[in-house]
Amino acid sequence: MHLDDSAFLSECKPTLRRLLSALTERFSYASVLAADANCKSYHVSRSGVFCGEGTRFSGRGFVIRVHDGKGYAEYSFNELSDGRIPGIVSLIAERLVPMGEGFPIDAFTAPPESPARLSASAEVALHPAALGDEKILSRLSKLREKILSEDERLVDATAYASFREYHEYYLSDAREMEQNEIWTEGMIAALALKDGEVKEYFDTVSGNGGIEILDGLEEKIPYVARSVVELLTAEPIEPGEYDCIVAPDLSGMIAHEAFGHGVEMDMFVKDRALARSYIGQQIASPLVTMHDGGAAASQTATFAFDNEGTPAGDTLVIDRGILVRGICDALSARALGVEPTGNGRRESYKRKAYTRMTNTFFEGGTDSLEDMISSINYGFFLENPSSGMEDPKNWGIQCIVNVAREIKDGKLTGRVFSPIILSGYVPDLLKSISMMTPTVKLAGSGYCGKGYKEYVKVSDGGPYLKARIRLG
Amino acid sequence: MTEKIKAALTSLSPAAWKIRDEATESAELFFIRQILDMKRMTDVREYTVTVYVDKTDGEGKKMRGSSSVTLNPGTSDGEIREVLASAISAAGYALNPYFDLADPTTSPVLPDSSDLGALSVEEIAKKMANALFSVDTAADAFVNSAEVFAIRKTVRILTSAGTDVGYVSSTVDGEFISQCKTDSADVETYDSFSYRSLDTAGLARAVANALERVRDRALARTGLPGGTYDVVLSDGLMRSLFSFYTDRANVAMIYPGYSEYKIGEPVDRTGKGEQIDLTLVPTEPFSGDGIPMIRRKMIDGGKLTSYHGPLPFCRYLGVEPTGDYTAIELDNGSLPMAELTAGKCLHVVAFSDFLTDEMTGHFGGEIRLAYLYENGKVTKITGGSVNGSLLDASGELVFSKERYSDATYSGPRAVRIPGVSVAGA
């Protein structure tokens with residue numbers, strides 16, 4: 001079934017058209033993005049059972065963008081009526097625009113917007129509302145019980161599910177676009193306790209469809225339970241540089257942190273990205289080809305158009321090791337004289353749009369995982385990352401990895417090391433990639449911050465790959 | 001709108017309810033160098049309604065379920081009722097052991113008594129932006145970009161138990177990137193800030209310090225040998241490090257058995273370090289449940305004196321409900337910085353991302369700038385990473401006499417942690 005249109009947005013449309021008309025009488029450019037989102041999550045653990053919405057990713061509201069003759073200004077609000085239109089226009093003209101007085105501005109005229117009309121609705125096999133809260137919680141409870149039954153050393157298990165159904169309507173003189181989208185995710189985790197340390201191992205499912213994705217969690221239970229028990233005897237790693245096999249969840253995080261953030265072109269505008277001076281150059285192994293785009297994959301960051309009304313794309317960022325181009329929001333595209341790529345995204349209608357990733361992944365190769373492990377004299381198999389951080393300026397990378405499994409003489413030894421800080425210089429890491437499996441897996445259960453705020457839903461992924469990496 | 005919600009709740013009659021009415025206005029300025037790139041304002045009001053449903057389980061035990069939804073101003077009566085009915089239905093499936101809501105408290109809406117309260121959000125944003133750039137005058141080290149957010153919230157909390165409290169609060173938050181460009185280096189550092197007063201001098205000082213630090217980053221060299229080091233952490237990293245203690249004393253970790261902290265017992269092993277003295281400090285007058293927030297001693301002479309955290313878990317553990325805290329004060333500190341950094345140690349002042357894991361006790365991250373103190377010499381270092389354990393260092397922490405304060409921390413400027421694993425670069 002296709003998602004229905006939002007009744008709220010449908011009712012708002014006539015008023016939004018009148019609002020736009022009033023704004024364009026006063027300003028040389030105006031656009032409005034209207035949003036109606038519902039994000040609901042479910043959680044079962046020893047702490048209890050939880051079900052409800054969060055305000056961060058739920059809500060209804062509007063963001064206006066105008067050009068005031070010198071530059072852009074934005075106003076976010078969530079109460080709309082015909083009676084409020086004069087007040088909104090006055091606030092923008094009399095409070096927002098004058099706020100810029102006294103600061104230097106690089107004035108420019110608003111570029112023309114290319115015309116676009118688009119209407120898209122995602123398909124859902126089983127909508128979470130159709131399954132219902134009771135059955136979702138019941139499924140999560142059963143998953144939790146099954147995890148706990150795997151090993152008596154487990155002190156807790158958690159099962160989690162969440163979905164966000166969102167509807168967006170973008171209106172300007174040149175464009176009228178609407179989309180109805182949904183993402184869904186699930187997670188299971190097992191916890192064990194040793195000497196005051198709570199060890200945890202988790203796995204996830206995610207996609208841009210319905211709650212049917214929870215079907216994929218049960219098969220992961222034995223590995224999750226076994227892995228957390230292995231963490232009870234995990235050792236601290238001897239810091240150093242090692243040959244590593246990287247699981248798809250971590251290869252995705254590397255793609256995201258290294259050449260996802262590294263090529264966000266709002267950083268080019270700010271002279272904060274080393275990548276700008278390496279376009280066209282070899283920055284990775286010839287095995288590496290990398291994409292990003294809302295239309296590049298079917299995952300949690302799949303959509304028809306971004307929050308600035310630019311259709312979603314599939315950007316070839318790295319082609320056989322050569323850096324091709326970055327990803328770009330509309331305002332940075334204007335400043336750089338390039339086309340936007342559909343990567344202008346907001347945390348919500350309340351926040352500014354920045355260049356943000358969507359679905360970011362390495363293409364696969366031709367090597368088998370068995371051959372990759374056999375090729376290592378001494379190194380590690382890395383999996384289960386929890387966080388990462390970018391450094392577009394100096395091409396650093398940091399990932400926190402939960403599990404490193406020792407490989408010696410081409411075989412896994414059974415020894416486990418944890419936690420691991422993966423760091424290093426991105427080109428060194430990417431140029432060292434020497435083997436890749438064919439199958440690419442993407443995971444979209446995380447959020448990406450621009451620094452420490454502005455969280456957007458993203459997915460990332462890749463194949464298993466072999467690289468030389470600094471671990472500590 | 002609140003009255004419409006209450007009317008719907010009365011007709012649907014859940015066992016209990018809570019309404020949070022929050023109106024937020026903000027003024028936001030975004031700069032590239034000192035050029036204003038974007039200006040924004042927001043005006044958002046939301047009603048978060050939590051409904052509670054009571055049932056008995058198969059063994060006759062009293063249970064309470066809850067679920068929360070968000071409503072916009074202008075939502076029709078019919079839709080309010082539909083959304084709340086759906087939340088009540090969901091609450092009926094999310095059952096946990098019964099707990100009482102917070103004891104009723106009533107108060108008029110408390111005004112913002114800070115110096116921010118007398119200014120419009122635009123005035124606050126402009127004054128702080130000007131303060132930020134007031135020290136940005138050099139050619140080699142400068143502010144690359146900055147964002148300033150002046151935010152004013154008006155909050156009202158009502159519950160079916162009789163709570164009706166409210167307050168207005170203002171903050172000014174933001175971040176800036178400092179860049180140093182020389183013939184041989186082009187580097188940057190990241191800083192964030194948060195103030196509850198118009199501390200223009202404080203922000204200017206923070207920027208000036210950051211510009212000095214980024215100059216040091218430009219001079220920093222890689223090549224730190226890996227090994228075990230005494231690591232010194234300071235300033236803005238202190239709050240993150242001590243989140244380990246505040247999280248472990250949180251009832252949300254005590255109740256499921258993740259934390260073994262007990263009232264009256266030491267939080268650390270006995271060792272050569274100082275016993276911790278930590279106080280929880282409120283940042284708002286009322287918690288999300290309407291509990292009046294007070295200063296609360298959490299660790300006294302190294303022993304746990306108070307749990308804190310979400311209301312249901314406080315009730316389950318028989319603990320006085322406390323509300324949630326984000327700010328702390330540490331009363332420790334006996335060594336001047338010169339003595340704290342004596343001998344061989346690595347003072348890390350900037351990480352790619354400094355993380356403390358409350359579940360494992362591990363802390364660390366990739367080093368962006370550190371000072372290696374060795375044989376009376378100080379070397380500026382970049383690269384490598386720190387991977388330490390507060391459980392391993394338990395009882396061994398020593399603190400500086402000098403003090404540091406920000407929006408969520410007041411206490412010793414620095415702490416020295418022995419025996420930390422460092423990966424070289």
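## Charges over rings

K344(B) lies over the face of Y229(B), at 4.9 Å from the ring centre, and in chain A the charged end of K457(A) sits over the ring of Y447(A), 4.3 Å from its centre. A charge sits over a ring if NZ of Lys or CZ of Arg is within 6 Å of the ring centre and within 35 degrees of the ring normal.

This is a predicted model, in which local features need pLDDT of at least 70 and side-chain atom pairs count only at pLDDT 80 or more. Side-chain values use heavy atoms, with hydrogens and water left out.

## A ring pair between chains

Over all chains the structure holds 33 aromatic pairs, a pair being rings of Phe, Tyr and Trp (its six-membered ring) with centres within 6.5 Å, where planes under 30 degrees apart count as stacked, over 60 as edge-to-face and the rest as tilted. One of the pairs is formed by F103(A) and F31(B), whose ring centres are 5.2 Å apart with planes at 70 degrees, so this pair is edge-to-face.

Because F103(A) lies in the loop between α2 (85–96) and β5 (116–121) of chain A, and F31(B) in strand β1 (residues 16–32) of chain B, the pair joins two chains. Both F103(A) and F31(B) are buried (under 20% relative accessible area, with exposed over 50% and partly exposed in between, for a 1.4 Å probe and protein chains only).

## A cluster in chain B

Ring pairs link Y52(B), F99(B), Y255(B), F313(B) and Y316(B) into a cluster. F313(B) is buried, with a relative accessible area of 8%, whereas Y316(B), at 21% relative accessibility, counts as partly exposed.

How values were computed
Residues are numbered from 1 along each chain as its sequence is written. Chains are lettered from A and ligands numbered from 1 in the order in which they are written. Helices (H or I, at least four residues) and strands (E, at least two) are DSSP runs, numbered from the N terminus.
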